[in-house]
Amino acid sequence: MTQEERAHHSEKIKSNLKARLNRIEGQVRAINRMIDEDVYCDDVLTQIRATRSALNSVAVKLLDHHMKGCILHKAEDGQAEAAMEELLVTVQKLIKD
């Protein structure tokens with residue numbers, strides 16, 4: 001990976017993403033405890049849904065940053081076709097189960 005292929009997140013964005021990921025990490029630990037404690041399945045599934053939603057929110061924030069930063073810069077540098085292809089591949093990765 002070259003320097004150009006690296007993300008350049010501001011400290012504000014990094015801090016926000018890390019805070020969200022730390023909360024998600026806590027949610028996953030809570031799910032693990034819930035299973036150990038034989039919590040009612042529907043309650044565990046509710047927590048899993050909330051955790052998945054939180055992860056999707058992080059993904060959307062990263063995608064937004066990627067589109068407004070990396071993809072836009074590539075397009076402005078005359079690489080519009082490559083930028084669109086990269087964006088398509090990125091979105092396909094996100095929506096794949």
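A salt bridge is a side-chain nitrogen of Lys or Arg within 4 Å of a carboxyl oxygen of Asp or Glu. Searching the whole structure gives four salt bridges, among them the pairs Lys14–Glu11, Asp64–Lys68 and Glu86–Lys74. The model is predicted, so local features need pLDDT of at least 70 and side-chain atom pairs count only at pLDDT 80 or more, while totals for chains, interfaces and linings use all residues. Residues are numbered from 1 along each chain as its sequence is written, and side-chain values use heavy atoms, with hydrogens and water left out.

Pairs inside one helix (helices are DSSP runs of H or I, at least four residues, numbered from the N terminus)

- Lys14 and Glu11 form a salt bridge with an N to O distance of 3.7 Å.
- Both residues belong to helix H1 (residues 11–36), where a spacing of three residues puts Lys14 and Glu11 about one helical turn apart.
- In Asp64–Lys68, the closest N and O atoms are 3.1 Å apart.
- Helix H2 (residues 41–76) holds both Asp64 and Lys68, four residues apart, or about one turn.

Pair between helices

- Glu86 and Lys74 meet in a salt bridge at 2.4 Å, N to O.
- Glu86 is in helix H3 (residues 80–95) and Lys74 in helix H2, so this pair ties together parts twelve residues apart in sequence.

Accessibility (relative accessible area: buried under 20%, exposed over 50%, partly exposed in between; 1.4 Å probe, protein chains only)

- Glu11 is exposed at 58%, and Lys14 is partly exposed at 36%.
- Lys68 is exposed at 57%, whereas Asp64 is partly exposed at 35%.
- Glu86 is partly exposed at 24%, and Lys74 is partly exposed at 27%.

How values were computed: Helices (H or I, at least four residues) and strands (E, at least two) are DSSP runs, numbered from the N terminus.
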